[in-house]
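Here is a brisk report on the structure shown below. Keep the viewer open while reading.

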There are 2 protein chains.
Amino acid sequence: MIDTRYNESEIKQLEYYLEQRDFKSLIAALREEHEVDVADFMEILPDDKTAFVFRMLPKEMSADVFANLEPETQQRVVESFSDAETTSMLNDLFIDDAVDFIEEMPANMVNRLLRLTPPEKRKIINRYLQYPEDSAGSIMTSEYTRLKKDMTVADAIAHLREFGEDRETIYTCYVTDDFRILEGVISVRSLLLSNDAEVISDIMQKEIIFATTDMDQEEVVQKMHRYDLLSLPVVDRENRLVGIVTVDDAVDIIQEEATEDFEKMAAMSPSERPYLKTPAWILGRKRIVWLLFLMLSGMLNGLILQSNEAAFIAYPLLVSFIPMLTDTGGNVGSQTSTLMIRGMTLGEIKFSDIFKVIRKETATSLMMGLILAGINFLRVFLLDGSLIAAIILSLSMMVTVFIAAFIGGVLPLVASKLKVDPAIMAAPLITTIVDAISLFIYFGIARALLLI
Amino acid sequence: MIDTRYNESEIKQLEYYLEQRDFKSLIAALREEHEVDVADFMEILPDDKTAFVFRMLPKEMSADVFANLEPETQQRVVESFSDAETTSMLNDLFIDDAVDFIEEMPANMVNRLLRLTPPEKRKIINRYLQYPEDSAGSIMTSEYTRLKKDMTVADAIAHLREFGEDRETIYTCYVTDDFRILEGVISVRSLLLSNDAEVISDIMQKEIIFATTDMDQEEVVQKMHRYDLLSLPVVDRENRLVGIVTVDDAVDIIQEEATEDFEKMAAMSPSERPYLKTPAWILGRKRIVWLLFLMLSGMLNGLILQSNEAAFIAYPLLVSFIPMLTDTGGNVGSQTSTLMIRGMTLGEIKFSDIFKVIRKETATSLMMGLILAGINFLRVFLLDGSLIAAIILSLSMMVTVFIAAFIGGVLPLVASKLKVDPAIMAAPLITTIVDAISLFIYFGIARALLLI
């Protein structure tokens with residue numbers, strides 16, 4: 001038993017063969033690696049070696065390796081291709097991989113690629129390219145297994161054994177009529193466990209879980225996850241089967257969407273490239289926009305402070321409580337907004353739950369506010385010896401925690417209702433909003449009680 | 001074609017039948033629903049109705065519905081069971097579902113459950129219960145298809161058709177010797193596409209991607225995701241096949257781990273329960289601990305401010321820049337730490353990349369620092385008319401952004417090296433650390449330049 005996990009020493013070996021120009025050993029070693037690992041190896045090669053190494057791959061490996069390369073590397077490889085080689089590669093790629101690849105290429109190259117695609121495949125690819133980004137249509141593949149309902153189980157198995165080669169997944173078969181209208185679903189498992197003489201229409205499942213081409217990919221993966229499906233059929237407006245989404249692509253999307261949410265929630269514009277492969281200036285660009293926006297809001301808080309100079313000159317102790325108060329408010333707000341955003345992603349929380357959320361956050365925040373305010377009251381009263389400061393701080397704390405929880409709960413739900421991505425309403429923005437509100441409350445209470 | 005998606009009107013219909021005590025219609029309607037949806041319906045029933053409705057389910061549905069219930073609901077159902085009913089349920093559950101269920105039950109109930117489990121299954125369950133939490137052993141199932149290497153393809157297909165019924169997934173078959181040592185893997189797809197006369201040992205894949213029982217579940221799902229696997233074999237120290245992890249469980253784990261990371265990164269102790277099903281006091285408990293800890297650090301910042309009272313009484317304008325400076329530092333730090341934590345989860349960043357990370361963050365932060373400092377310099381110089389304040393603020397901004405990026409990049413990597421969960425080093429903690437450092441820098445620079 002050999003563990004084929006990607007490991008550093010194997011990669012070093014490949015690099016060594018290449019350096020020594022021992023191409024025979026290199027070719028032999030590449031043949032032993034998994035396609036995913038070969039793609040990773042190609043990513044760390046110097047640019048001028050990529051196409052060269054790619055040509056060494058055995059024919060049956062090359063399409064799978066190609067599909068796993070980063071777009072920049074794919075471009076470099078294809079630029080070195082003759083027309084005939086390009087046509088053959090496009091022919092070998094699964095439809096969804098071909099579409100992913102073409103979508104990432106610059107416009108002038110897309111024309112060449114489409115021209116070199118075999119006509120039948122080009123028609124399908126063109127249709128795919130028209131589906132909106134992140135829709136079921138844009139992530140599906142057209143390589144699925146189609147059966148007729150009057151086939152017997154023996155016919156169906158024979159059909160699979162004859163035509164299964166090109167299908168991305170054969171484990172769920174789709175039954176359609178002559179107009180491709182989806183009529184039923186049957187798993188290879190059910191086929192195998194049925195008697196040869198049974199007829200498909202008697203054993204197929206007629207209640208079908210499906211997606212439409214324009215359905216958002218997040219909804220697609222939620223469905224597949226909910227019902228533990230290996231593939232999900234995609235139909236057009238006339239209920240004609242046009243493609244399927246497979247579980248491996250669904251997992252990719254789950255990971256991508258989670259990464260996007262993480263990035264948005266940490267005040268970054270999301271990008272698809274792995275961190276180490278992103279140049280510093282692109283990293284900077286995706287981070288600076290939100291920093292600037294939040295800095296502007298931070299300035300607003302500066303203005304609130306400036307307009308309260310009189311209060312803290314008269315009573316400098318007030319200043320020292322500001323970071324703790326605003327930080328706590330921000331933390332409560334980001335806790336709640338994170339729970340909301342994640343709950344919505346998983347389909348557990350909907351806009352219609354808003355009153356349940358408000359009730360739950362009210363109870364939770366009053367409880368937490370009491371504890372936090374109590375501790376602060378005791379600390380300020382006992383350590384700083386000021387009853388009035390203790391009252392100001394603990395009152396502000398109660399109100400801030402309550403408002404932070406309320407805003408953190410309501411804003412993401414309202415955003416989703418307005419079709420704005422709720423992840424925008426995450427920690428950084430909520431923190432800035434809560435900061436301003438807590439400063440208002442704090443100085444409002446302070447000036448009222450101190451009669452400034 | 002019927003869309004069987006869970007929808008509100010169908011649920012209302014079920015509730016109506018139950019209210020009207022129209023059990024015949026209820027039973028018929030339940031039979032039409034997907035098991036996952038029936039489980040969801042049972043969750044919203046009043047406690048005293050759960051067991052009652054559960055008994056109405058057709059026998060072939062009940063194990064699947066049961067596996068999808070929340071632990072509290074499972075307990076309520078089982079408490080209403082006779083011994084014979086419990087044994088039958090335990091027998092019908094897949095091993096991994098049975099283990100998940102038993103793990104969540106209170107200790108006194110576990111004994112009864114194990115006693116009622118058929119002896120052979122009990123042995124397996126007992127072994128599973130001993131694997132460490134979140135290990136490959138604890139998430140695998142023992143229902144896989146095993147072939148012998150001297151079988152022909154025709155034998156293998158016949159074997160599948162005869163014995164496939166109880167297997168959780170039949171699409172990947174595992175080839176072992178008489179001592180259960182794993183020797184090869186073959187997909188049902190390869191079987192179907194091969195000639196009947198071929199022998200398994202000639203067509204099976206001998207390079208196997210596998211997990212060991214003690215491997216962390218995060219590593220397991222990373223492997224499955226990397227190589228797009230529908231199932232992954234799990235072996236013990238003697239390379240004996242003991243179970244498989246299936247892709248649907250891998251997806252559950254990906255979602256759970258992402259949710260945990262989101263919660264940790266928003267300063268909460270993670271929990272597995274959906275938000276709306278968690279009582280307020282449990283929500284409060286999982287949130288208050290971190291709030292208290294971060295409040296303590298916030299107090300530290302208060303002390304830094306108190307010790308600089310002289311500076312801001314002499315120069316009150318300084319106070320108004322504090323929120324913007326600390327917020328920006330916190331935002332930069334949480335951006336970087338989020339990129340690190342997510343990159344490590346996806347296996348894209350390792351501890352050995354630390355110098356690459358430092359280089360990249362230095363370049364990125366200098367660039368962002370220059371822009372942010374430049375804008376602040378101009379604003380303060382032009383609007384507040386103070387050159388010295390402009391210099392203090394822009395210098396502090398440069399240094400803060402650089403240090404925030406550095407800390408945000410290094411701390412999560414160091415944490416992972418020390419086997420501490422890097423998600424702990426996320427936004428809230430980094431923010432608090434960066435807050436303190438930026439205040440130090442700010443007042444250090446201010447006092448040096450203002451000669452206070």
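## Nonpolar cores

The largest nonpolar core has 187 residues. Those with the most contacts inside it are A:V234, A:V245, B:V234 and B:V245. Note that this model is predicted.

There is also a second, separate core, with 28 residues. Among its members are A:V38, A:F54, A:M89 and A:L116.

Setting aside neighbours within four places in sequence, B:V245 is in contact with B:A136, B:I139, B:M140, B:A211, B:V220, B:M224, B:S231, B:L232, B:V234 and B:A250.

## Strand β7 of chain B

Which strand holds B:V234? β7(B) has B:L232 and B:V234 on one side, while B:S231, B:P233 and B:V235 are on the other. Both faces are covered, and these residues are all buried.

β7(B) pairs with two strands of its own chain, described in turn here. Strand β6 (residues 211-212) of chain B runs parallel to β7(B), with 2 bridges. Here B:A211 has B:V234 as its bridge partner.

Strand β8 (residues 241-246) of chain B pairs with β7(B) in the antiparallel sense, over 5 bridges. B:L232 has its bridge partner, B:V245, in β8(B). The hairpin of β7(B) and β8(B) has 5 residues between the strands. In that hairpin, B:N239 takes a positive phi near 65°.

## A helix in chain B

Helix α21 of chain B covers residues 387-417, 31 residues in total. From its first C-alpha to its last, α21(B) reaches 45 Å. That is close to the 45 Å expected at 1.5 Å a residue. After α21(B) comes B:K419, with a positive phi near 60°.

## Domains of chain A

The domain assignment divides chain A into domain 1 (8-132), domain 2 (145-256) and domain 3 (275-450). The C-alpha centres of domain 2 of chain A and domain 3 of chain A lie 49 Å apart.

## How the two chains relate

What rotation superposes chain B on chain A? A rotation of 180° does, with 0.0 Å of shift along its axis and an RMSD of 0.1 Å. This is the relation of a two-fold axis.

The interface fits the picture of copies that meet through the same surface, because 100% of the interface residues of chain B are also interface residues in chain A.

Key. Residues are numbered from 1 along each chain as its sequence is written. Chains are lettered from A and ligands numbered from 1 in the order in which they are written. This is a predicted model: local features need pLDDT of at least 70, side-chain atom pairs count only at pLDDT 80 or more; totals for chains, interfaces and linings use all residues. A nonpolar core is a set of buried Ala, Val, Leu, Ile, Met, Phe, Trp, Tyr and Cys residues joined through C-beta atoms within 7 Å. A residue is buried if 20 or more other C-beta atoms lie within 10 Å of its own, exposed if 12 or fewer, and partly exposed in between; C-beta atoms are placed from the backbone. Two residues are in contact if their C-beta atoms, placed from the backbone, lie within 7 Å. Domain bounds come from an automatic or database domain assignment. Copies are superposed by least squares on the C-alpha atoms of residues with pLDDT of at least 70 in both. Helices (H or I, at least four residues) and strands (E, at least two) are DSSP runs, numbered from the N terminus. The expected span of a helix is 1.5 Å times one less than its number of residues. Two strands pair if DSSP finds at least two bridges between them.
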